[in-house]
Amino acid sequence: MKVFIGYVSLSGNTEKMAVIIKNSMKAAGCKVYMERLDTVEVDTLKDFDLAFIGL
């Protein structure tokens with residue numbers, strides 16, 4: 001499964017949660033991509049089976 005994790009984190013808390021989710025999904029055998037949302041083109045999300053968005 002191809003998973004996208006996008007986040008915006010001012011204090012670092014959301015980024016920490018994104019890393020926890022990333023590690024859990026990788027442990028489950030998923031291919032994971034994680035990026036800050038301000039660098040992502042919305043059209044690229046259609047290429048993923050699952051997306052987590054954290055604000």
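**Close-up views of a predicted model**

View 1. V8 counts as partly exposed because its relative accessibility is 31%; buried means under 20% relative accessible area, exposed over 50%, and partly exposed in between (1.4 Å probe, protein chains only). You will find V8 in the loop between β1 and α1. Together with I53 and L55, V8 forms a nonpolar patch on the surface, with about 310 Å² of accessible area in total. This is a predicted model, in which local features need pLDDT of at least 70, side-chain atom pairs count only at pLDDT 80 or more, and totals for chains, interfaces and linings use all residues. Residues are numbered from 1 along each chain as its sequence is written, and side-chain values use heavy atoms, leaving out hydrogens and water.

**View 2. The open sheet.** Here three strands line up in the order β2-β1-β3, with parallel pairing. Strands are DSSP runs of E with at least two residues, and helices are runs of H or I with at least four, numbered from the N terminus; two strands pair if DSSP finds at least two bridges between them. β2 (31-36) and β3 (50-54) stand at the edges with a single partner strand each, so one side of each has no neighbour in the sheet.

**View 3. Where β1 meets β2.** Strand β1 (residues 2-7) pairs with β2 in the parallel sense over six bridges. Look for K2, whose bridge partner in β2 is K31.

**View 4. L45 and F4.** L45 sits in the loop between β2 and β3 and is partly exposed, with a relative accessible area of 26%. L45 and F4 are 41 residues apart in sequence, and their C-alpha atoms are 7.4 Å apart in space.

Definitions and conventions:
Patches are made of residues with over 30% relative accessible area and no salt bridge: like charges are joined within 9 Å, nonpolar side chains (Val, Leu, Ile, Met, Phe, Trp, Tyr) within 5 Å. Accessible areas come from the Shrake-Rupley method with a 1.4 Å probe; for residues, only the protein chains shown count as cover. A salt bridge is a side-chain nitrogen of Lys or Arg within 4 Å of a carboxyl oxygen of Asp or Glu.
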